[in-house]
Amino acid sequence: MMPISVFDLFKVGIGPSSSHTVGPMRAALRFAEMLESSGQAGRAARVQVELFGSLALTGRGHATDKAVVLGLLGERPDTVDPDSIEPTLAEVRRSGQLALLRQAAIPFCLERDLVFRGDETLPRHPNALRLTAWGGDGSPLLREVFYSVGGGFVVRDGDEPTAGRADGAEVPFPFASAAELLAVGRRSGRTIAEVVWANEAAQRAPADIDAQLDRLWQVMRACIDRGCQTEGVLPGGLDVPRRAPKLFRVLRSQRPAADTIGPSRAVDADGAEPTDLAGGKACPKPAGPEGPDPLQALDWVSLWALAVNEENAAGGRVVTAPTNGAAGVVPAVLAYAVRFAGANDAAVRTFLLTAGAIGMLFKQNASLSAAEVGCQGEVGVACSMAAAGLAAVMGGTNEQIENAAEIGMEHHLGLTCDPVAGLVQVPCIERNAMGAATAINAARLAVLYG
């Protein structure tokens with residue numbers, strides 16, 4: 001089986017859910033584009049969206065209703081401005097109209113044309129949506145069913161399921177299991193990161209690979225910044241307070257002015273005062289009341305994971321890694337590698353490529369959808385990916401990297417998805433911090449003691 005691209009696995013999007021927000025937005029956008037390419041868009045007089053199964057049962061809490069409207073309007077998860085979402089939706093509601101792909105407007109009533117069918121599940125996957133367009137005479141113009149299968153991946157009903165590259169590009173080192181990946185490494189003499197890099201180079205220029213990897217880290221880092229600085233209460237009705245800003249202030253107050261571990265070269269794109277991770281300030285080693293506290297490094301890791309997932313819960317911009325519900329694990333462990341292990345730009349790329357390889361295996365052989373396999377498919381996979389990435393940065397062999405990934409996953413097996421009130425908040429946010437800590441421990445067990 002041909003591996004997917006690392007850039008299919010790591011996608012820039014918005015919160016709070018890759019399967020319930022990012023996937024449905026992409027499906028609705030694809031439907032609108034299909035309507036236009038078939039020449040039927042000009043004849044459309046009404047569009048209806050039906051949500052089934054998990055998308056219906058938790059769709060409001062996961063902003064699925066908002067996502068599909070944005071997709072029909074032509075918005076993309078990686079480029080939509082999070083601050084524009086609520087005003088855009090308010091205008092649709094006020095006007096009773098929706099401009100497909102920002103072109104011809106048609107009548108659209110949220111209560112009538114957006115239907116939650118929580119008592120019905122379509123056979124292929126728990127996350128399903130059906131979109132139908134009618135002409136002015138009431139005749140159907142286009143009807144399509146899509147499945148949001150986890151991690152922002154979308155499958156159209158009738159298409160053959162595939163984990164391969166969408167463009168069909170041949171790669172020099174295909175692999176479909178960990179055993180095959182290790183065998184490729186032995187035959188070629190390449191690290192896991194080098195195997196993935198060579199596969200990416202089959203379809204894009206080397207400079208583009210590095211630029212896209214750097215961009216992923218920039219988005220992750222900016223998300224940490226926003227999460228550390230944004231006060232308030234998370235939306236959804238649970239009144240969960242953002243804890244990252246307070247924890248950030250506490251950690252900054254518990255360290256000496258000297259004894260730094262080196263400045264970061266990153267700049268806060270929003271122009272706000274930067275945090276220790278992403279802002280060019282030196283980040284001193286944390287200290288407790290009686291001197292340096294070695295466990296405070298994990299407090300910083302927890303902070304970074306909480307910051308990302310609070311941003312995700314608030315609908316902010318995150319990187320699916322490999323999902324939104326688990327988006328804090330990889331950035332937190334990568335930040336640990338940068339700030340506490342001295343990882344440079346090249347090491348960051350190695351981390352992401354290695355983590356991506358492990359994520360590909362789970363995507364190809366299991367699932368990234370919590371609605372389908374529980375949170376072991378989200379935080380469990382993210383922990384496994386992060387453990388592998390950190391093991392690679394620590395200089396582990398391919399076998400040690402695979403062992404780190406295995407340790408990370410085996411301690412999440414059976415983890416269920418049971419969020420309070422259907423929101424990606426409790427226990428999801430704290431669970432990312434726990435997964436990040438486990439990933440670091442898994443990498444150290446595999447490389448230092450394996």
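Reader: In which loop does Pro427 lie?

Author: The model is a predicted one. Its helices are numbered from the N terminus. Pro427 is placed in the loop between helix H16 (398-410) and helix H17 (428-448).

Reader: What is the omega of the peptide bond from Val426 to Pro427?

Author: Most peptide bonds are trans. The bond from Val426 to Pro427 is cis. Its omega is near 5°.

Reader: Where does Pro16 lie, and what is the omega of the peptide bond from Gly15 to Pro16?

Author: Pro16 sits in the loop between strand E1 (11-14) and helix H2 (18-37). The peptide bond leading from Gly15 to Pro16 is cis. For this bond, omega is near 10°.

Reader: Is Arg102 buried, partly exposed or exposed?

Author: Arg102 belongs to the loop between strand E3 (97-99) and strand E4 (105-107). Although Arg102 is not a glycine, its phi is positive, about 60°. Buried means under 20% relative accessible area and exposed means over 50%. Because its relative accessibility is 47%, Arg102 counts as partly exposed.

Reader: What is the phi of Asp239?

Author: Most residues other than glycine have a negative phi. Asp239, in the loop between helix H9 (206-229) and helix H10 (244-253), has a positive value. Its phi is near 55°.

Reader: Is Asp239 buried or exposed?

Author: The cut-off for exposed is over 50% relative accessible area. Asp239 has a relative accessibility of 58%, so Asp239 counts as exposed.

Key: Residues are numbered from 1 along each chain as its sequence is written. This is a predicted model: local features need pLDDT of at least 70, side-chain atom pairs count only at pLDDT 80 or more; totals for chains, interfaces and linings use all residues. Side-chain values use heavy atoms; hydrogens and water are left out. Helices (H or I, at least four residues) and strands (E, at least two) are DSSP runs, numbered from the N terminus. Buried means under 20% relative accessible area, exposed over 50%, partly exposed in between (1.4 Å probe, protein chains only).
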